[in-house]
Amino acid sequence: MPLRRAALGAASLTLVALAAPAHADTPSAPPGRITVEVVGANGSGCPAGTTQVAAASDNTAFTVTYSDYLAQAGAGSGGTEFRKNCQLALRVHVPQGYTYAIARADYRGFASLQRGAFGQQRAGYYFQGAGQTARTVHQFNGAYADNWQASDETAYQDLVFAPCGEVRNLNVNTELRVLAGSSNPQALSFMSMDSTDGSVSTVYHFEWKECPATA
């Protein structure tokens, strides 16, 4: 069977909101320089020292790069290796007078799935003290051996912006699962969201909004 492309493999179970046209009152990226720092990292997919974040120079997005994020099943894999997760607490420093929301998230990696096996990438994010956004699920079915990519987009009217004038962590939760299903239990299937050279990153795209002027 020919390999299926990532876009097709994810289509059936991707639970995302459709992107809306650009909002007329949406400002462009603010001037100055934003920074993003990891203030907490927990989970089997992001052991200490294996996660890096960097803000784009044009203030439109930031990237998260993992170097040890891989789930696998079959071929003697341990009982917990089928699921890896990461919970990041990020501190985003923005120019005064602006606030932001996450409008789109692009996830990438590599998968090698035997016929009958499948992998899932799950994600959600929310601001400290607020309710979590609905978690999205992207599924890739074997046989599959290729790079994979999945994106979550949110319509403008559904965006959740950080409160103006407050410091709130952005909590980002991701998860990879690989299930052997009906595949040969002696064959290995895996799915990764990591990079050893920084070439594979998760990208979070900002939507900006000006805060009301204070007296």
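The following dialogue explains how several terms apply to this predicted model.

User: On what basis are the values given?

Analyst: In this predicted model, local features need pLDDT of at least 70 and side-chain atom pairs count only at pLDDT 80 or more, while totals for chains, interfaces and linings use all residues. Residues are numbered from 1 along each chain as its sequence is written, and side-chain values use heavy atoms, with hydrogens and water left out.

User: Why is the link between Cys46 and Cys86 called a disulfide?

Analyst: A disulfide is a pair of cysteine sulfur atoms within 2.5 Å. The S to S distance of Cys46 and Cys86 is 2.2 Å, so the pair meets the definition. In general, such a link is a covalent bond between the sulfur atoms of two cysteines.

User: What makes the disulfide of Cys46 and Cys86 right-handed?

Analyst: The torsion about its S-S bond is about 100°, and therefore the disulfide of Cys46 and Cys86 is right-handed. This pair links distant parts of the chain, 40 residues apart: Cys46 is in the loop between β1 (35-42) and β2 (51-55), and Cys86 is in strand β5 (residues 83-93). Strands here are DSSP runs (E, at least two residues), numbered from the N terminus.

User: Why is Cys46 called buried?

Analyst: Buried means under 20% relative accessible area, exposed means over 50%, and partly exposed lies in between (1.4 Å probe, protein chains only). Cys46 has a relative accessible area of 3%, so Cys46 is buried. Cys86, with 0%, is buried as well.

User: How many disulfides does the structure hold?

Analyst: There are two. The other joins Cys164 to Cys211, with an S to S distance of 2.1 Å. With -90° about the S-S bond, this link is left-handed. Cys164 lies in the loop between β9 (144-153) and β10 (170-179) and Cys211 in the segment after β12 (202-210), so the pair ties together parts 47 residues apart in sequence. With bonded cysteines counted along the chain, the disulfides follow the pattern 1-2, 3-4.

User: Is Cys164 buried, partly exposed or exposed?

Analyst: Its relative accessibility is 35%, so Cys164 counts as partly exposed. Cys211, at 18%, is buried.

User: Which residues touch the most other members of the largest nonpolar core?

Analyst: A nonpolar core is a set of buried Ala, Val, Leu, Ile, Met, Phe, Trp, Tyr and Cys residues joined through side-chain atoms within 4.5 Å. The largest has 39 residues, of which Phe62, Tyr100, Trp148, Leu170 and Tyr204 touch the most other members. Strand β6 (residues 98-113) gives the most to this core, with seven residues.

User: Why is Tyr100 called buried?

Analyst: Tyr100 has a relative accessibility of 3%, so Tyr100 counts as buried. This residue is found in strand β6. Among the residues that Tyr100 touches are Val92, Phe127, Val160 and Leu170, where contact means heavy atoms within 4.5 Å. Tyr100 and Val160 are 60 residues apart in sequence and 8.3 Å apart in space, C-alpha to C-alpha.

Technical notes. Helix = DSSP H or I, 4+ residues; strand = E, 2+ residues; numbered from the N terminus. Lists of a residue's contacts leave out its neighbours within four places in sequence.
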